[in-house]
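Here is a quick walk through one protein model, written for someone meeting it for the first time. Have a look at the sequence and the fold, then read on.

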Amino acid sequence: MEEIRIQKLLSRNGSFSRRRVEELISQKRIKVNGKVIDTFGLKCSPKDIIEVDNKVIEIDLNKERIYLLMNKPKNYICSLYDPNKRKKIIDLVDPRLGRLVPVGRLDYDTSGLIMLTNDGEFCNYITHPSTSPEKEYIAYCENPLYGDEEEKISKGVFINELNYLAKDIKGKIISSTKTNSTFSITLHEGKKHEVKLILEEIGHKVITLERIRIGSLLLKDLKVGQYRKLTKGEIESFGYKINI
Ligand code: URA
């Protein structure tokens with residue numbers, strides 16, 4: 001196999017995202033053939049011995065690629081490690097599937113669709129702003145409607161906490177009562193807590209949040225806590241090419 005940049009090799013192997021590899025290089029935690037590396041440009045092949053924190057990384061680019069779609073329960077964390085020992089979505093997955101990583105994140109208290117994979121390139125593709133698919137959320141919120149929510153959302157909402165203008169968002173009113181309102185929010189980006197912060201800016205603190213769609217993938221009959229494998233067609237519906 002031709003040599004490729006170490007970021008790409010480790011990400012293809014499903015070990016780390018490219019960004020994480022760059023962090024590890026900056027922290028001088030990666031060795032290639034016994035030498036600590038300190039540049040981002042080094043090219044390697046699966047024949048090289050790559051170590052992270054002195055542990056050899058097994059490189060197997062031919063292993064079966066796994067792509068799952070899960071209906072994440074509320075009160076489960078997406079991180080693979082949690083110092084507070086909260087329940088993790090990865091623990092809901094059959095360990096025989098090997099090491100998988102979540103594709104993006106949902107908050108601890110958010111439920112709904114999340115993908116998991118051992119294909120680091122897929123993870124990069126889906127989370128990169130230029131190729132990330134549209135995602136739709138249903139948010140049940142505090143306060144009845146003021147009436148101008150859809151218009152405000154379509155104009156873009158400035159999120160003070162992030163010092164960021166969230167734009168290209170679609171907001172639709174689903175229902176409302178004397179005390180609460182429910183919205184569908186559709187966006188491409190996935191800044192931390194973005195949906196909650198957008199709604200809070202327009203006077204609606206989110207009580208519950210569920211992701212009901214990623215691209216054309218819907219929850220359908222996937223029960224909370226369950227997962228299924230994605231089909232080749234579903235994976236390629238994101239514009240990503242795979243060989244499985
Ligand atoms: N936006 C949020 O606020 N929370 C999520 O979990 C996902 C998107």
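## Around the ligand

An oxygen atom of the ligand sits 3.0 Å from an N or O atom in the side chain of threonine 110. That is within the cut-off for a polar contact, a pair of N or O atoms within 3.5 Å; inside the protein, one atom must be able to donate a hydrogen and the other to accept it, and residues adjacent in sequence count only if both atoms are side-chain atoms.

Before going further, note that this is a predicted model: local features need pLDDT of at least 70, side-chain atom pairs count only at pLDDT 80 or more, and totals for chains, interfaces and linings use all residues. Residues are numbered from 1 along each chain as its sequence is written, and side-chain values use heavy atoms, with hydrogens and water left out.

A backbone N or O atom of aspartate 107 lies 2.7 Å from a ligand oxygen, and a polar backbone atom of glutamate 194 is 3.4 Å from an oxygen atom of the ligand. How much of the ligand's own accessible area does the protein cover? The answer is 96% of 230 Å², with areas taken from the Shrake-Rupley method and a 1.4 Å probe (for residues, only the protein chains shown count as cover).

Which residues surround the ligand? They are Leu106, Asp107, Thr110, Tyr137, His193, Glu194, Val195, Lys196 and Leu209, where being near means having a heavy atom within 4 Å. Sorted by class, this shell has four nonpolar, two polar and three charged residues. Helix α5 gives the largest share of the shell, three residues.

## Helix α5

α5 spans residues 194–201, and six of its eight residues are buried. Here buried means under 20% relative accessible area, exposed means over 50%, and partly exposed is in between (1.4 Å probe, protein chains only). The helix itself is a DSSP run (H or I, at least four residues; strands are E, at least two), numbered from the N terminus. The buried ones are Glu194, Val195, Lys196, Leu197, Ile198 and Leu199. After α5 comes glycine 203, with a positive phi near 90 degrees.

Four strands make up an open sheet in the order β3-β2-β5-β6, with antiparallel pairing. β3 (35–36) and β6 (55–56) are at the edges with a single partner strand each, so one side of each has no neighbour in the sheet. Two strands count as paired if DSSP finds at least two bridges between them. Strand β5 (residues 50–52) is joined to β6 by two bridges, and the two run antiparallel. Across that pairing, glutamate 51 stands opposite valine 56 in β6. In general, strands of a sheet pair through backbone hydrogen bonds, either parallel or antiparallel.

## Salt bridges

How many salt bridges does the structure hold? It has 16, counting a side-chain nitrogen of Lys or Arg within 4 Å of a carboxyl oxygen of Asp or Glu. Three of them are set out here.

| Pair | Closest N to O |
|---|---|
| Glutamate 23 and arginine 20 | 2.6 Å |
| Arginine 29 and aspartate 53 | 2.9 Å |

Glutamate 23 and arginine 20 are three residues apart in helix α2 (residues 18–26), so about one helical turn separates them. Glutamate 23 is partly exposed at 36% relative accessibility, and arginine 20 is partly exposed at 30%.

The salt bridge between arginine 29 and aspartate 53 links distant parts of the chain: arginine 29 is in the loop between α2 and β2 (30–32), and aspartate 53 is in the loop between β5 and β6, 24 residues apart. Arginine 29 is partly exposed at 30%, as is aspartate 53 at 38%.

Glutamate 64 is exposed at 52%, while lysine 229 is partly exposed at 46%.

Salt bridges with shared partners also join Glu134, Glu136, Lys170 and Arg213 into one network. Of these, glutamate 136 is in strand β10 (residues 135–142) and is buried at 15% relative accessibility. Its side chain makes a polar contact with the side chain of serine 184 (3.0 Å).

Note on methods:
Ala, Val, Leu, Ile, Met, Phe, Trp, Tyr, Cys and Pro count as nonpolar, Asp, Glu, Lys and Arg as charged, and the others, Gly among them, as polar.
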